[in-house]
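Here is a short briefing to read alongside the coordinates. Keep the viewer open and follow the topics one by one.

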Amino acid sequence: MSEVESGKQIFNDLVKSIDSSVSVVIPVTPSNGLFLISLTKGNARKFMTVSEDDIIDLTSDDLIKDEVRDRISVTISELKS
């Protein structure tokens with residue numbers, strides 16, 4: 001599994017650990033170095049951008065993981081189902 005694929009799996013696991021009812025769609029490839037990630041709960045959808053570097057760093061950098069987890073938490077809290 002590539003670093004990007006591993007990072008995507010960790011991102012998905014972070015979302016599920018915060019709210020297992022949220023669906024995640026991560027594009028196959030980034031656009032301009034950014035992934036535009038969709039988080040959906042019920043009829044509500046929010047998008048967040050995460051850099052390709054941050055996705056890769058999720059596998060090895062706890063500081064990045066904590067920052068991304070915080071951003072995910074904020075985005076999920078904004079979802080109204």
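S2 and S3 pair in the antiparallel sense over eight bridges; strands pair if DSSP finds at least two bridges between them. Helices (H or I, at least four residues) and strands (E, at least two) are DSSP runs, numbered from the N terminus. The model is predicted, so to speak of local features pLDDT of at least 70 is needed, side-chain atom pairs count only at pLDDT 80 or more, and totals for chains, interfaces and linings use all residues. Residues are numbered from 1 along each chain as its sequence is written, and side-chain values use heavy atoms, with hydrogens and water left out.

**The sheet**

- S2 and S3 make a hairpin with two residues between them, and Gly42 in the turn has a positive phi of about 60°.
- Lys41 stands opposite Ala44 of S3.
- S1 (residues 23-25) pairs with S2 over three bridges, again in the antiparallel sense.
- Val25 has Ser38 in S2 as its bridge partner, and Ser23 has Thr40 in S2.
- Together, three strands form an open, antiparallel sheet in the order S1-S2-S3.
- S1 and S3 stand at the edges with a single partner strand each, so one side of each has no neighbour in the sheet.
- From one strand to the next, the twist averages 25°.

**Helices on the sheet**

- H1 packs on the sheet and touches S1, S2 and S3, its direction making about 30° with that of S2.
- H3 lies across S2 and S3 and runs at about 160° to S3.
- For these angles, axes are lines fitted to C-alpha atoms, for helices over the stretch in contact, and values run from 0 to 180 degrees between N-to-C directions.

**The nonpolar core**

- The largest nonpolar core has 20 residues, of which Phe11, Val15, Ile37, Leu39, Ile55 and Ile72 touch the most other members.
- H1 (3-18), S2 (34-41), S3 (44-51) and H3 (62-78) each supply at least two residues of this core.
- Such a core is a set of buried Ala, Val, Leu, Ile, Met, Phe, Trp, Tyr and Cys residues joined through side-chain atoms within 4.5 Å.
- Leaving aside neighbours within four places in sequence, Ile37 has contacts (heavy atoms within 4.5 Å) that include Phe11, Val24, Ile26, Phe47, Met48 and Ile55.

**A residue to check in the loop**

- Asn32 lies in the loop between S1 and S2.
- Asn32 has a positive phi of about 55° although it is not a glycine.
- Most residues other than glycine have a negative phi.
- Asn32 counts as exposed, at 78% relative accessibility (buried is under 20% relative accessible area, exposed over 50%, partly exposed in between, with a 1.4 Å probe and protein chains only).
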